[in-house]
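Keep the structure open while you read.

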Amino acid sequence: MLDDFAMRAALAGLGVALAAAPLGCFVVWRRMAYFGDATSHAALLGVALALATDLPVVGGVLLVALMMALIISTLTERNVSTDALLGVLAHSALALGLVAVSLIPGQRVDLSAYLFGDILAVRQVDLAIIWIGAALVGGLMVWRWQALLTATLNPDLAVASGGHPKREQLVLTLALAVTVAVAIKVVGALLIAAMLVIPAAAARPFARTPEVMAICAVLIGGFSALGGLAGSFTFDTPTGPSIVTVAAAVFALSAAISPLLRRR
Amino acid sequence: MTLIETKGLSLRYGGATVLRDVNFSLSQGEIVTIVGPNGSGKSSLLRALIGALKPASGTVIRKPGLKIGYVPQKLQIDGTLPLTVRRFLSLPVRQTQTVTTAALTQAGVPELAQRQMTDLSGGQFQRVLLARALLGSPDVLILDEATQGLDQPGAAAFYRQIEEVRQRTGVAILMVSHDLHVVMAASDRVLCLNGHVCCEGTPEVVADAPEYRALFGSGTQGALALYRHHHTHDHDHGHHHECGEDHNAG
């Protein structure tokens, strides 16, 4: 079954949706969209690092994404970060990554595979990495769910009831870095943040509790992955952008019917 | 029995010392109110007491196993976060329906369980926060301007609710408030802050203290100090400190 490249692509897409959707809910709730942008754009720098040092690409991306996420996390905590600073970091990381990749000596690197993903080239070993990463992120989310939600509401409220909001922030930072590392092969550095934010935002009108929103986001993410894959076969379009296009269509639909849902 | 105690506590926030040399203690069943102008360190003191702000110097001692019910000054829930009142009460510890219903009833709003937090009015929201703070039978309730945004009848009703909760459960209450009339009527002890402890004692003592008058009396042409018309000159339970940092008066 795993010999079929289409099946591997489908499973890879589902794996990424499983990790990205619940994490994406926190990105939306905590208004961390730019945080996701900056971290995923930094992935390209990780690719350059991996190519230059013969490290596996996943390893390089994980390392750089983690560093970027920790830097932003620290800056945000000290309140020096503004919207503008996060924007600067997000785009600088992308530009720096593109420059760094072009400086790698030897064969020309196929940049578009890293920018937009190359889901049809997912090998069995990639699939294993994606699902291990997804299980790790999903497990972290389930394990820390209550504490993460409390810290998201209000850090002082969390401390007063014995929580550690800084530790939960670190959990999210780690989960984000892992998600970026496993998603780069599937949707590419440019569109990872889209897989975080769009399914979560599309799920909002259907939910009255955080749990329902996270489950809806997983379903929408999974549907987008499979739909985008099918669309890209049918219309011969690039797969990563096709997946995000389907997610965007679901969001548009959900936004259109949300006034009807609110009237209940 | 002492629940929380500070010794020589100083706090820094954003690079500046906001509060220095605070010796304070809260005993079982007491209602203590903190008053003071904006920026006088009231919220910082509460945050230090719950453990959210580390002392720059001095210590905060909490009774081992102390359970705190905290109502923050501001709780903005992002519109993207779907959250019913019942679900909110189950954070971070999951609660049974019986328990959440009991807490909402205690706070006077049993009918709100299924509502979305973002749909509540200001008064309803504060009462839900109170209900959450009451979960798990806390030893002390810490309220940071809990009546902010409520109109006068709403604030008065809220304080009546708190008083009722104390009578029923014997919980100690520490609150920051600007509603001076109510504060003076309902508190056992008042702590007046202005970067340090200006004065403290029973409401009558504090109302009479020149430091307090300087902050609230003359600065507002006496409007906020009207309640003390029938004060007694009983200074036995109070301590006066020199109020050197009187920058907000006038």
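Let's start in chain B, where β5(B) and strand β6 (residues 140-144) run parallel and are joined by 4 bridges. In that pair, I68(B) sits opposite V140(B) of β6(B). Strands here are DSSP runs of E with at least two residues, helices are runs of H or I with at least four, and both are numbered from the N terminus. Two strands count as paired if DSSP finds at least two bridges between them.

Before going further: this is a predicted model, with local features needing pLDDT of at least 70 and side-chain atom pairs counting only at pLDDT 80 or more, while totals for chains, interfaces and linings use all residues. Residues are numbered from 1 along each chain as its sequence is written, and chains are lettered from A and ligands numbered from 1 in the order in which they are written.

Back to β5 (residues 68-71) of chain B: I68(B) and Y70(B) point one way, G69(B) and V71(B) point the other way, and all are buried. Buried means that 20 or more other C-beta atoms lie within 10 Å of the residue's own; 12 or fewer makes it exposed, anything in between partly exposed, and the C-beta atoms are placed from the backbone.

Chain B also has an open sheet of 3 strands, in the order β2-β1-β4 with antiparallel pairing. Its edge strands, each pairing on one side only, are β2 (16-27) and β4 (57-62) of chain B. From one strand to the next, the twist averages 15°. Packed on this sheet is helix α1 (residues 42-50) of chain B, which touches β1, β2 and β4 of chain B and makes an angle of about 125° with the direction of β1(B). Contact here means that the C-beta atoms of two residues, placed from the backbone, lie within 7 Å. Axes are lines fitted to C-alpha atoms (for helices, over the stretch in contact), and angles run from 0 to 180 degrees between N-to-C directions.

Within the sheet, 8 bridges join β1 (residues 2-13) of chain B to β2(B), and the two run antiparallel. L11(B), for one, stands opposite L19(B) in β2(B).

How many residues of α1(B) are buried? The count is 9 of its 9 residues, including K42(B) and R47(B).

For chain B as a whole, the secondary structure comes to 8 helices and 10 strands. Buried residues make up 46% of its 250 residues. Take the contacts in chain B between residues at least 6 apart in sequence: 70% of them join residues at least 24 apart.

Now for the place where the chains meet: 23 residues of chain A are in contact with 19 residues of chain B. On the chain A side, the elements giving two or more residues are α1 (5-29), α7 (124-153), α8 (155-160) and α11 (210-235) of chain A. α8(A) gives the most, with 6 residues. The residues on that side divide into 13 nonpolar, 6 polar and 4 charged. (Nonpolar covers Ala, Val, Leu, Ile, Met, Phe, Trp, Tyr, Cys and Pro; charged covers Asp, Glu, Lys and Arg; the others, Gly among them, are polar.)

| Helix pair | Axes come within | Crossing angle |
|---|---|---|
| α1(A) and α7(A) | 9 Å | roughly 20° |
| α1(A) and α10(A) | 7 Å | roughly 70° |

The α7(A) angle makes α1(A) roughly parallel to α7(A), whereas α1(A) is roughly perpendicular to α10(A). The cut-offs are under 35 degrees for roughly parallel, over 145 for roughly antiparallel and 65 to 115 for roughly perpendicular, with the rest oblique. The contact of α1(A) with α7(A) divides into 16 nonpolar, 5 polar and 2 charged residues.

Most residues other than glycine have a negative phi, and most peptide bonds are trans. R31(A) has a positive phi near 55°; this residue is in the loop between α1 and α2 (33-41) of chain A. D21(B) also has a positive phi near 55°, but is found in strand β2 of chain B. The peptide bond from L91(B) to P92(B) is cis, with omega near -5°.
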